[in-house]
Amino acid sequence: MSRTTTGPRRSRRAPSFRCLNCKLDVSTDAPGTAHRNHCPTCLWSRHVDDKPGDRSAECGARMEPIAITTRYDGEWSVIHRCTRCQELHTNRIAGDDNALVLFTLAIKPLARPPFPLDHLARL
Ligand SMILES: [Zn+2]
Ligand SMILES: [Zn+2]
């Protein structure tokens, strides 16, 4: 398996990071969250935390957005799965996350039902 190059590590906390998926330079300031943990354009993340914001994970691989979940108060979160170690993380969405990509992720199971839709009419 080929390792992803991570580039030189900065000693101070960087004000921005480069998305490993779409290569966008992303500011760590995000409306509505204390720390941004995923790209607002493609929603991909990186496995750098064991707990949110602790930066203690050694994996560093890309994390794919695989699903949307909602909290009791209706707030949306993205489920990320690490492409190397398969760990799952739940991350709150930010105010400037791409709405179209969020919706595409949310309706994915409905767009690809595991049975023909006309079966529903017979229930
Ligand atoms: Zn991205
Ligand atoms: Zn990982």
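E4 and E5 form a hairpin, with 5 residues between the two strands. This is a predicted model, and in it Gly74, in the turn of that hairpin, has a positive phi of about 90 degrees. E4 covers residues 62-70 and E5 covers residues 76-82. The two strands run antiparallel and are joined by 7 bridges. Thr70 faces Trp76 of E5 across this pairing.

E5 also pairs with E6, which spans residues 88-92. Here too the sense is antiparallel, over 5 bridges. Ile79 sits opposite Thr90 of E6. E5 and E6 make a hairpin as well, again with 5 residues between the strands. In its turn, Gln86 has a positive phi of about 70 degrees.

| Hairpin | Residues between strands | Turn residue | Phi |
|---|---|---|---|
| E4 and E5 | 5 residues | Gly74 | positive, about 90 degrees |
| E5 and E6 | 5 residues | Gln86 | positive, about 70 degrees |

Now the whole chain. The protein has 3 helices and 6 strands. Read from the N terminus, the order is β-β-β-β-β-β-α-α-α.

The protein has 123 residues, and 15% of them are buried. Among contacts with a separation of 6 or more, 33% link residues 24 or more positions apart.

How values were computed
Residues are numbered from 1 along each chain as its sequence is written. Chains are lettered from A and ligands numbered from 1 in the order in which they are written. This is a predicted model: local features need pLDDT of at least 70, side-chain atom pairs count only at pLDDT 80 or more; totals for chains, interfaces and linings use all residues. Helices (H or I, at least four residues) and strands (E, at least two) are DSSP runs, numbered from the N terminus. A residue is buried if 20 or more other C-beta atoms lie within 10 Å of its own, exposed if 12 or fewer, and partly exposed in between; C-beta atoms are placed from the backbone. Two residues are in contact if their C-beta atoms, placed from the backbone, lie within 7 Å. Two strands pair if DSSP finds at least two bridges between them.
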